[in-house]
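Colleague: I'd like to go through this model with you, a few spots at a time. Could you take my questions as they come?

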Amino acid sequence: MLASEKLVAAFNRQIGHEMGASMQYIALASYFDVETLPELARFFYRQSEEEREHAMRFVRYVVETGGEVAIPAMPAVKSGFGSAEEAVQLSLDQEVMVTRQINSLMDQAISSNDHAARTMLEWFVTEQVEEVSSMETLLRMVQRAGDSGLLFVESYLAQGLVGQADGAAE
Ligand SMILES: [Fe+2]
Ligand SMILES: [Fe+2]
């Protein structure tokens, strides 16, 4: 086995975090879907797919290094959002939390001199910069628009002005 057992355990926990994020984004997407904001819904459904793909990167890495994939129990995701701003703020908070988790995994890879894990995690470090940045942009848009201006946010998203390029590049 190439990766240390401690790191494999941490990667398994991260599989849970990424799948948790994926499910949280489904809850957020469906909120926007019910509110008849199809572009916001589409944005969050796509985010959900991306988070599943993140989880799969960890799954593939654990398998490739001969570790055992053990997917942890996941807490229920939040539902019942009061406003678009609340929903997007939750997404930003989630991305900031995931960034901390990735940084902590990188700290462990560095301290155990695991160069393969470091190289794998570098992709995530870069990805989190984009994820936090696009969620901050979306939050500012939603705040500026207010409840009555959400159709403007829809039109911005339809034009591909938030995070679309990131998604397309993957
Ligand atoms: Fe992720
Ligand atoms: Fe993310």
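Colleague: To start, in which helix is the place of V34?

Modeller: V34 belongs to helix α1 (residues 5-34), where helices are DSSP runs of H or I with at least four residues, strands are E runs of at least two, and both are numbered from the N terminus. This is a predicted model, in which local features need pLDDT of at least 70 and side-chain atom pairs count only at pLDDT 80 or more, while totals for chains, interfaces and linings use all residues. Residues are numbered from 1 along each chain as its sequence is written, chains are lettered from A and ligands numbered from 1 in the order in which they are written, and side-chain values use heavy atoms, with hydrogens and water left out.

Colleague: Is V34 buried or exposed?

Modeller: V34 counts as exposed, at 68% relative accessibility; buried means under 20% relative accessible area, exposed over 50%, and partly exposed in between, with a 1.4 Å probe and protein chains only.

Colleague: Changing topic, what coordinates the iron ion (ligand 1)?

Modeller: The iron ion (ligand 1) is coordinated at 2.1 Å by E18 (OE), E51 (OE) and H54 (ND1), donors being N, O and S atoms within 2.8 Å of the metal (3.2 Å for Na, K and Ca), and since water is not among the atoms, sites may look incomplete. E51 and H54 both sit in helix α2 (residues 38-64), three residues apart, about one turn of the helix.

Colleague: And are E51 and H54 buried or exposed?

Modeller: E51 is buried at 1% relative accessibility, and H54 is buried as well, with a relative accessible area of 0%.

Colleague: Which residue bridges the two iron ions, ligand 1 and ligand 2?

Modeller: That is E51, and the two ions lie 3.5 Å apart. The protein donors of the iron ion (ligand 2) are E51 (OE), E95 (OE), E95 (OE) and E131 (OE), at 1.9 to 2.5 Å from the ion.

Colleague: How are the donors of the iron ion (ligand 2) spaced along the chain?

Modeller: They follow E-x43-E-x35-E. Distant parts of the chain are linked by the pair E95, in helix α3 (residues 84-111), and E131, in helix α4 (residues 115-145), which are 36 residues apart. E95 is buried with a relative accessible area of 1%, and E131 is buried with 5%.

Colleague: Last one: at what angle do α4 and α5 cross?

Modeller: The axes of α4 and helix α5 (residues 150-158) cross at roughly 145° and come within 8 Å, where axes are lines fitted to C-alpha atoms, for helices over the stretch in contact, and angles run from 0 to 180 degrees between N-to-C directions.
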